[in-house]
Structures are given as C-alpha cells and as structure tokens.
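Please open the structure in your viewer and keep the selection tool at hand.

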Amino acid sequence: MKYVATDKAAAAIGPYSQGVIAGDMFYSSGQIPLKADGELVQGGITEQTHQVFANLQAVLEEAGSSLAHVIKTTVFIKDMNDFTELNSIYASYFGDHKPARSTVEVARLPKDVKVEIEVIAKVAQ
C-alpha cells in the first residue's frame with residue numbers, strides 16, 4: 001500500500017491521506033473545495049465543484065492516474081436542488097467516459113461546503 005500526497009491539492013484536514021494506492025487501484029479521500037493553500041473556495045455549487053475537480057485531478061495525477069481511469073465516484077451534495085448544475089459540471093470533466101456513480105444528499109459536509117467527491121481509479125503499473 002502506498003499513500004498519495006501532493007501539494008497541488010489541499011492537505012488532509014484530519015488523520016487521513018489524500019489517497020491510497022493498493023495494487024493497481026487508487027482510492028481517493030473525499031475532496032472538498034479547498035485550494036492547495038487551504039483557502040476555502042467561496043461561491044455556489046459551480047465554483048465549488050470546479051475546485052473539487054481540480055483537487056481530484058491533482059491527486060489522480062500524483063497517483064499515476066487520471067479522470068479517464070476513474071471507475072467509480074461518490075458524490076456528497078448538501079442540497080439536491082443543486083444536482084442539475086453539479087451534473088452539468090461533472091459531465092464536462094468526464095466527457096464520454098461514464099464511471100459508475102452514487103450521489104447522496106447529506107445534512108452537512110466538512111467546513112460547511114456544498115459538495116465533496118471521492119473516486120476509485122485504475123493506476124498504471
């Protein structure tokens with residue numbers, strides 16, 4: 001098992017890593033809209049989702065993977081009324097690639113953000 005850490009995404013805000021590689025699989029921790037310097041992205045679901053994807057791309061790259069190799073995502077959203085906008089942004093990052101996905105509305109997320117996303121992806125061996 002190998003822990004993944006990059007300074008191109010916000011550091012973990014608790015006792016966990018940004019991600020873990022086990023064999024040829026990468027498991028990310030949930031990414032929230034924190035910039036690499038730890039600053040929380042203000043704004044609505046649009047701005048926050050773009051930052052989450054920037055973080056996901058950074059940890060995937062560090063793991064030797066990319067969005068094109070994502071197998072499964074889990075999306076946690078604070079308000080399901082934001083689902084249509086989130087879905088549009090999500091689709092723009094994945095294009096024709098359509099990983100399996102679960103989307104769950106939750107009562108609260110760390111730092112009261114609007115969205116958190118985690119991924120499982122294949123890595124090069």
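Is Lys 122 buried, partly exposed or exposed? Lys 122 is partly exposed, with a relative accessible area of 36%; buried means under 20% relative accessible area, exposed over 50%, and partly exposed in between, with a 1.4 Å probe and protein chains only.

Before continuing, please note how the model is treated. This is a predicted model, in which local features need pLDDT of at least 70 and side-chain atom pairs count only at pLDDT 80 or more, while totals for chains, interfaces and linings use all residues. Residues are numbered from 1 along each chain as its sequence is written, and side-chain values use heavy atoms, with hydrogens and water left out.

**First stop: salt bridges**

Asp 24 is partly exposed at 26% relative accessibility.

By this rule there are four salt bridges. Among them is the pair of Lys 35 and Glu 39, with closest N and O atoms 3.9 Å apart. Another joins Arg 108 to Asp 112 at 2.6 Å between the closest N and O atoms. Arg 108 is exposed, with a relative accessible area of 62%, whereas Asp 112 counts as partly exposed at 38%.

**Second stop: the sheet**

Now display the strands. Helices (H or I, at least four residues) and strands (E, at least two) are DSSP runs numbered from the N terminus, and two strands pair if DSSP finds at least two bridges between them. Six strands form an open sheet of mixed pairing, in the order β1-β2-β3-β6-β4-β5. Its edge strands, β1 (2-4) and β5, each pair on one side only.

Select residues 19-22 and 25-28. These are β2 and β3, which run antiparallel and are joined by four bridges; Ala 22 stands opposite Met 25 in β3.

Next, select residues 70-77 and 100-105. Here β4 and β5 pair in the parallel sense over six bridges, and Ser 102 in β5 is the bridge partner of Thr 74. Between them the chain passes through helix α2 (residues 83-94), in a right-handed β-α-β crossover: with the strands pointing away from the viewer, the path from the first strand over the helix to the second runs clockwise.

Select residues 45-63. This is helix α1, which lies across β1, β2, β3, β4 and β6 (115-122). Within α1, select Gln 48. Gln 48 is buried, with a relative accessible area of 5%. Beyond its neighbours within four places in sequence, Gln 48 is in contact (heavy atoms within 4.5 Å) with Pro 33, Val 41, Gly 43, Val 113, Lys 114 and Val 115.

Gln 51 also lies in helix α1 and is buried, at 16% relative accessible area.

**Last stop: Glu 116**

Finally, select Glu 116 in strand β6.

Technical notes: Axes are lines fitted to C-alpha atoms, for helices over the stretch in contact, and angles run from 0 to 180 degrees between N-to-C directions. A salt bridge is a side-chain nitrogen of Lys or Arg within 4 Å of a carboxyl oxygen of Asp or Glu.
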